[in-house]
Number of protein chains: 2
Amino acid sequence: MDKLQKRPANYVPLSPIGFLPRANAVYGDRPSVIYGRVRFTWSQTYARCRRLASSLLALGIRHNDVVSVLAPNVPAMYEMHFAVPMAGAVLNTINTRLDAKAVAGILRHSEAKLFFVDYQYVRLASDALQILAAAGEGGRAHVPLVAVIDDADTPTGVRLGELEYEALVSRGDACAELPRLDDEWDAVTLNYTSGTTSAPKGVVYSHRGAYLSTMSLLMSWGVGNEPVYLWTLPMFHCNGWTFTWGMAARGGVNVCIRDARADDIHRAISRHAVTHLCCAPVVFNILLDGNHSLAAPVHVLTGGAPPPAAMLERVERAGFRVTHAYGLTEATGPALACEWREQWDRLPLTDRASLKSRQGVSVLSLADADVKDARTMASVARDGKSVGEIVLRGSSIMKGYLNNDRANEESFRGEWFLTGDVGVVHPDGYIEIKDRSKDVIISGGENICSKEVEEVLFQHPGIADAAVVAMPHPHWGETPCAFVVAKDGAAGVCEDDVIAFCRKHVSRFMVPKKVVVYDVIPRNGNGKVEKNVLRAAASKLAPPAAVPAQKTKVKTTTVGGRRGEHPVAHVMAISRL
Amino acid sequence: MDKLQKRPANYVPLSPIGFLPRANAVYGDRPSVIYGRVRFTWSQTYARCRRLASSLLALGIRHNDVVSVLAPNVPAMYEMHFAVPMAGAVLNTINTRLDAKAVAGILRHSEAKLFFVDYQYVRLASDALQILAAAGEGGRAHVPLVAVIDDADTPTGVRLGELEYEALVSRGDACAELPRLDDEWDAVTLNYTSGTTSAPKGVVYSHRGAYLSTMSLLMSWGVGNEPVYLWTLPMFHCNGWTFTWGMAARGGVNVCIRDARADDIHRAISRHAVTHLCCAPVVFNILLDGNHSLAAPVHVLTGGAPPPAAMLERVERAGFRVTHAYGLTEATGPALACEWREQWDRLPLTDRASLKSRQGVSVLSLADADVKDARTMASVARDGKSVGEIVLRGSSIMKGYLNNDRANEESFRGEWFLTGDVGVVHPDGYIEIKDRSKDVIISGGENICSKEVEEVLFQHPGIADAAVVAMPHPHWGETPCAFVVAKDGAAGVCEDDVIAFCRKHVSRFMVPKKVVVYDVIPRNGNGKVEKNVLRAAASKLAPPAAVPAQKTKVKTTTVGGRRGEHPVAHVMAISRL
């Protein structure tokens, strides 16, 4: 058996890039990308990617070089997911909601050789490049080549740097020989974490991991042939949860829109007969905005923070078929998906919503997922109650964090990757996330899942949004502190009322000791609550003895009790994906 | 990028065996296997497989040892697809339609250490073991341990050898430590080709290849969650086209039946609400047998010889949704699948059947599929006419033939695996098989696809079955010779009539020079026409000058013209899968 060696015919390195030549061969005449009046077929997309790859080589881009991009969901962004790795390079998509300092930090840390910038982000990119150049005055400046991406439908003429995307595509050679992938462990993309809890970390995916994730996510979501996929989830977010590559695997249509506004989304759904879209739960509000009706069901894959059951219920009523997943950048996007069981179809809508809000079962590319006691690494009981850390293992887990040995050592333990998320396993094997491990509140030795308290707050008839964090306490160590947003027109949402409401619904030790009414809950570009910001605010509200000694001056003393008093509330905007 | 090394948490060898612990974890309480009154859940199947694997280890079975099995589609056969590789061994499933000499040949060539025999095949196995022992009298006999598999629903008490399947399961330890898979390139199964054109060859699959094939076949066929899969296709045939493992990946139900008889099939479909089944086209006759109606559509994946369009049409009318695939043992079963395009739904049924009879596009685990001129290795034009050899490349291609360097050298050329099948590429990229390369008839320098002539014969109103092979010819080199079976009650199907019919429908050089009316066309256990048998018969009918010198005596001179005169016709039976 062992004498049979690998040959080029029976051992081909796994890579999601390979889906594109196949799409060219078998779906060549079918639409690949639609953006405004711009339309490409799979043959055209393949040729354009080959051209761009050859231009990158001509610019001197080589194996393992990082090519960064700052762009919304436009055709160029899609094409770069293939063209950059086809040149042997590593694609680094940057969150467009970051500030110039953060963008500069990523360009510096990744040592990007080339930086593509959509015309809309020229200002942000210029500022970032200035910071980068200034920081390097000691001779260590590494400033990348810059190429602008003009609008493909309506060119603006805006320019930055010496290069322009369409020109690079045009001058490329579709027949040029491209480097051959020899090792499927090679890096394909580099995605920086959003850094809600710590400094951004550079997550490196291998070709192998990206290929396997793409296959298993298509399978977990049940994406058949000829999907029409609307790009609401940013491609910069874990490479669009791998569906950038997945659409090539399935010969689907990529419907690109620059902004995920309610009008644009609903117009695209009806005009192109969209069948699938992904989004963070925060986009559900946009989907429900206005009086739109769906001609056919639209499948929605959602992840991030679990949406409240009531919200899921409303979205389903509107005709969206929601699959709930759980993932993280380090697991190439979704790692668990709530696979639907036919028998659940017969349950009332509220029960269905509650089952759907669970994160589910491991995708097929994972070898295993479990919930463990982080100290002993023993599995918790499958009772839906015993809380532990969600741990993962399998070929869709990242290669590791770039140049960050410490983070790698902290995140990998033996056979497992530690997610830092806290959850339970239900008797049927479905995992439900309870919290980020950092978000667990330890009060008098009892663990309180902030998520559990939040679920109760969402049941309050006057509350539109809510988040709960730990507040230092001299006696209990920590106690819950709630931040809530009142619904438009809801009167009487105040601390006493909310505390009274919670007392009726949760154990006494879980009731927030403090309730702050905000205009908006601060969220980052991916819709995640910025709990670090809230923790800082809560810390200032804590009973004096519990405030750490070095923080003697409590700057904001007027906060709490009434709506809109917190200055932070006014500078935050609800981020759209 | 390259500093990030593989870790146990992010690099897990790919193996279809891994689908079973996952099924245990996430589908544990759901049915896995149904056979008569026998029912198992995924948790039970997992425990049973672990027990059996531990018993195999206790018997001394080690890494790379071959465990052979001769059994129909019963639960034990299913379990061994996991348990044998879980013990580090290689599963060799033997075609139950082979004769004792062929079975002995496989046991000898594979050096099987352990041989499981279903009670129904005890006689065949005994004969094979005797041949094996006799051949080894010179001291080189290698006779495996033997274990009988009694019927799981209704035990018979029939025994062979010292071991019994259920006893091995019972005495096994579900908690015993099993060997760990270190290299995904390790062998998982060994399948012998049917040998219609040459001696059987032992095809070795790797864990990696089997995993990737399983994933991509589930995807190509669009198998969702909770399928109810009826085992009509023998599991010994390319491991049931990987759906043995695929059902564990999808948490499906394996409905096992001992015989693929019309009654059993239709009873199982209605009793268990079957959603999916695979079969050779020859089983279509069984599906259409009797007056059964389907409560819901049943998805059928078919492969092997392309079924005539008329047959496909009737099966679709009966409520079966047919997907047509093309594959071969060396490609882990289906390598091309006719992915359906929504736009084709609007075509008339006959056009749809004609599109469906094409073999289609490469499955996702293949890196590439092409049709090439076998001499120059240049791709043929995508015009639906230019004929060439179908070549494949990708990680689902076998590791190679066991102990057969010559066959390996002949089958692998550079980057490609040569299938020996002849086909065309249509302008839409879909490949259509025209013939086995050995079945192409070269007449006066012109290639004739026997399949093309066969399609015409099937259009004849009085013809039920047909096959065309090359007949030596003194002037043209070869000419087509047709073997046809008249429909029940069809009168006047004779050589002149058939030749006249062909003249109206194909070019003159393609018209058979000889037509023989048979009772049945000889087919092997997998439903494939035994063209070597027909070629031998045709050779005897050839004009004298063309008959090779050593074959001076033409034994059968009365053949042809009238039905039932050929002695071979009476000893052949249409084989059921």
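Hi everyone, let's start at one residue: setting aside neighbours within four places in sequence, Glu316(B) is in contact with Arg321(B), Val322(B), Leu349(B) and Lys356(B), where contact means heavy atoms within 4.5 Å. Please keep in mind that this is a predicted model, in which local features need pLDDT of at least 70, side-chain atom pairs count only at pLDDT 80 or more, and totals for chains, interfaces and linings use all residues. Residues are numbered from 1 along each chain as its sequence is written, chains are lettered from A in the order in which they are written, and side-chain values use heavy atoms, with hydrogens and water left out.

Back to our residue. Glu316(B) sits in helix 12 of chain B, residues 309–317; helices here are DSSP runs of H or I, at least four residues, numbered from the N terminus. Is Glu316(B) buried or exposed? Glu316(B) is buried, at 12% relative accessible area, and buried means under 20% with a 1.4 Å probe, protein chains only.

Now for the interface. In chain A, 74 residues are in contact with 74 residues of chain B. The area buried between the two chains is about 6,200 Å², with carbon and sulfur atoms giving 50%; that is the accessible area (1.4 Å probe) lost on putting the two parts together, summed over both.

How many salt bridges does the rule find across the interface of chain A and chain B? Ten, taking a side-chain nitrogen of Lys or Arg within 4 Å of a carboxyl oxygen of Asp or Glu. Arg7(B) also forms a salt bridge with Glu409(A), the closest N and O atoms being 3.5 Å apart. On the side of chain A that touches chain B, helix 7 (residues 207–221) gives the most, with seven residues.

How values were computed. Helix = DSSP H or I, 4+ residues; strand = E, 2+ residues; numbered from the N terminus. Buried < 20%, exposed > 50% of the residue type's maximum accessible area, 1.4 Å probe, protein only.
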